[in-house]
Amino acid sequence: MDGDTTEPLREPPVRGTERRGQAIVLRLGGELDLYNADEVRAALTTAIDEGTERIVVDMAEVEFVDSTALGVLIEARAKIGHHGLLLAAPQAETRRTLQVSGLDRHLPVHDSVDGALAAAS
């Protein structure tokens, strides 16, 4: 026995950021909830503060989204403007959460990052 039986902490929700043309792609993953919403908020705020007019949130690796995380997306949309925040590639469960919450009527949801980037240009 090596003595270290602690479970690893959850991976951070922000998996990466990348500038693609005039947009920033923010790649999120895992569970987005009350416990890590501030990390997501900070990443979105940084992207907005850098002066970008478009943020594509890549949700392909997101497994779960709670109301707190949805609130963070709404906050970011209010800061960057109506057409400045686009969601891309949500899995079925995340897409359903967006539909049930009505958020898909307020934030553009695209099947892929490339599709969101094409719509953003």
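Tutor: The buried residues of helix 1 are A37, V40, A43, L44, A47 and I48. This is a predicted model, in which local features need pLDDT of at least 70 and side-chain atom pairs count only at pLDDT 80 or more, while totals for chains, interfaces and linings use all residues. Residues are numbered from 1 along each chain as its sequence is written, and side-chain values use heavy atoms, with hydrogens and water left out.

Student: What makes a residue buried or exposed?

Tutor: Buried means under 20% relative accessible area, exposed over 50%, and partly exposed in between (1.4 Å probe, protein chains only). D38 and D49 are exposed, on the face of helix 1 turned away from its buried side.

Student: How does the span of helix 1 agree with its 13 residues?

Tutor: The expected span is 1.5 Å times one less than the number of residues. For helix 1 (residues 37-49) this gives 18 Å, and the end C-alpha atoms are 18 Å apart, so the two agree.

Student: Why are strand 3 and strand 4 called paired?

Tutor: Two strands pair if DSSP finds at least two bridges between them. Four bridges join strand 3 (residues 54-65) to strand 4 (residues 85-88), so the two, which run parallel, are a pair. In strand 3, D58 stands opposite A88 in strand 4.
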